[in-house]
Amino acid sequence: MLKYRCPNNRQEVTTSIKTDEVVLLEMRSLKLSLWCPHCGSSHQVKASEAYVE
Ligand SMILES: [Zn+2]
């Protein structure tokens, strides 16, 4: 699953997006709109700031 860190409180967020490293590299320049359970809203997250565990 794709993860990112919330820009507001640095909490780790696990998204429901399944991806792998290759796909992540291909979409590095994209911005994803990802829901954040910590803030109760969504964040614009660059794919380059997201990661796969
Ligand atoms: Zn957040």
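Guide: Let us start with a term: a salt bridge is a side-chain nitrogen of Lys or Arg within 4 Å of a carboxyl oxygen of Asp or Glu. The model above is predicted, so local features need pLDDT of at least 70 and side-chain atom pairs count only at pLDDT 80 or more, while totals for chains, interfaces and linings use all residues. Residues are numbered from 1 along each chain as its sequence is written, and side-chain values use heavy atoms, with hydrogens and water left out.

Visitor: How many salt bridges does a search of the whole structure find?

Guide: The search finds 3 salt bridges. In one of them, the side chains of K3 and E53 meet with N and O 2.8 Å apart. This pair connects distant parts of the chain, for K3 belongs to strand β1 and E53 to the segment after β5, 50 residues apart. Strands are DSSP runs of E with at least two residues, helices are runs of H or I with at least four, and both are numbered from the N terminus.

Visitor: And which residue does E12 form a salt bridge with?

Guide: E12 is bridged to K3, and their closest N and O atoms are 3.3 Å apart.

Visitor: Is K3 buried or exposed?

Guide: K3 has a relative accessible area of 11%, so it counts as buried. Buried means under 20% relative accessible area, exposed means over 50%, and partly exposed lies in between, with a 1.4 Å probe and protein chains only. By contrast, E53 is exposed at 71%, and E12 is partly exposed at 31%.

Visitor: What about K46 and E49, how far apart are N and O there?

Guide: The side chains of K46 and E49 form a salt bridge with an N to O distance of 4.0 Å. K46 is partly exposed at 38% relative accessibility, and E49 is partly exposed at 45%.

Visitor: New topic. Which protein donors does the zinc ion have?

Guide: The donors are C6 (SG), C36 (SG), C39 (SG) and H43 (NE2), at 2.0 to 2.3 Å from the zinc ion. Donors are N, O and S atoms within 2.8 Å of the metal (3.2 Å for Na, K and Ca), and water is not among the atoms, so sites may look incomplete. Along the sequence, the donor residues follow the spacing C-x29-C-x2-C-x3-H.

Visitor: Why is the arrangement called tetrahedral?

Guide: The 4 donor atoms subtend angles of 103 to 117° around the zinc ion, which makes the arrangement tetrahedral. Four donors count as tetrahedral if all angles lie between 85 and 135 degrees.

Visitor: Where is H43, and is it buried or exposed?

Guide: H43 is placed in strand β4, residues 41-46, and is buried at 8% relative accessible area. Apart from neighbours within four places in sequence, H43 touches Y4, C6, P7, N8, L32, S33, L34 and C36; contact means heavy atoms within 4.5 Å.

Visitor: How many bridges join β1 to β5?

Guide: Strand β1 (residues 2-5) is joined to strand β5 (residues 51-52) by 2 bridges, and L2 stands opposite V52. Between β1 and strand β2 (residues 12-14) there are 3 bridges; among the partners, Y4 meets V13 and R5 meets E12.

Visitor: What do β1 and β2 form, and what is the phi of R10?

Guide: β1 and β2 make a hairpin with 6 residues between them. R10, in the loop between these strands, has a positive phi of about 65° although it is not a glycine. R10 is exposed, at 51% relative accessibility.

Visitor: Last one: where is A50, and what is it in contact with?

Guide: A50 lies in the loop between β4 and β5 and is buried at 6%. Leaving out neighbours within four places in sequence, A50 contacts L2, K3, Y4 and L24.

Key. Tetrahedral: all angles 85-135°; square planar, octahedral: opposite > 155°, others 65-115°. Pairing = 2+ DSSP bridges.
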